[in-house]
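Morning, everyone. Let's look at the model together.

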Amino acid sequence: MLPDIENLLRLQEADKEIRRLHEEIAELPKRVAAIEQKLAGTKAQLEKAQSNIKTDEAAKRKHETAITDLRGKISKYRDQSLDVKTNDQYKALLHEIQFAEKEIAATEDKILELMVNADTRAGEVKTAQAELKAETAEIEQEKEQARLRTAEDEKLLAEWKGKRDQHRSGIGDDLLRHYERVSRFRGTGISEVRDHKCMACQVMLRPQTYNEVRSGQQIVFCDSCQRVLYLNPADELVDQKPSMHRPRRHHPKIDAPQAW
Ligand SMILES: [Zn+2]
């Protein structure tokens, strides 16, 4: 194998690892942000549950004041009833008293309803508080993990960048430029040849091109995708062995009754 090919393969490995590390480093804050969003949702839930309790408490106080007022009215009507001159006046006061008593009963029902609801509301607050506590702990842990992972990734990244520079320096300028240009467009810049095919783009090599790759004397590019081609020495041995399992290849020039 040409030293340039060996260096390109190592360079490609370094490039791949550098890309993976960059992606991982970019992904970590997104995970933290997703939990932070969940946390904000739980905080809003808790605030709503707490505000519901306050609203109910205010309503209960309002109802209690209304009952006190109604009781005051009733006692006033009772006082007045002692001084009435006619039966009609007495009946009218009695009617007012009955009306006020009905209102008191209705308001007491409302208060009771609020008190029953208060238990549910308290439960909601408790649940939201527990969730918030768990999520806060989770986010702290996640942030710490992200911090450690990022630091580790940055360290690896620096190492791989060092390796990449080293491999780059071992490759000729023109070849390096070609590899990097193809890499930028296609994600990879070097491809293995297997069974006469470029494994990256799956296009069959012309026999001439294949022989050039196999000779290992020069750098050969794929006609189709422009990647640098190489033959894995292990595959090369298999390739040279006459095999009965190889798919039959059609040779029109030999098989055809006449040359075209
Ligand atoms: Zn190709």
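Predicted model: local features only at pLDDT ≥ 70, side-chain atom pairs only at ≥ 80, totals over all residues.

Now, who is the partner of Arg10? Its side chain meets that of Glu6 in a salt bridge, 3.8 Å from N to O. Both residues sit in helix H1, which covers residues 3–81. They are 4 residues apart, about one turn of the helix. Glu6 is partly exposed too, at 32% relative accessible area.

Why can such pairs form at all? Side chains of opposite charge can pair when their charged atoms come close.

Next, move to helix H2. Here Glu144 and Arg147 form a salt bridge, with the closest N and O atoms 3.0 Å apart. Glu144 is partly exposed, at 36%.

Other salt bridges share partners. One network joins Glu17, Arg20, Glu24, Arg149 and Asp153.

Let's zoom in on one pair from it. Glu24 and Arg149 meet in a salt bridge, 3.2 Å from N to O. Glu24 lies in H1 and Arg149 in H2, residues 87–169, so this pair ties together parts that are 125 residues apart in sequence. Glu24 is buried, because its relative accessible area is 18% and the cut-off is under 20%. Arg149, at 42%, is partly exposed.

And how many salt bridges does the structure hold? The count is 17.

Terms used. Residues numbered from 1 in each chain as written. Heavy atoms only, no water. Salt bridge = Lys/Arg side-chain N within 4 Å of Asp/Glu carboxyl O. Helix = DSSP H or I, 4+ residues; strand = E, 2+ residues; numbered from the N terminus. Buried < 20%, exposed > 50% of the residue type's maximum accessible area, 1.4 Å probe, protein only.
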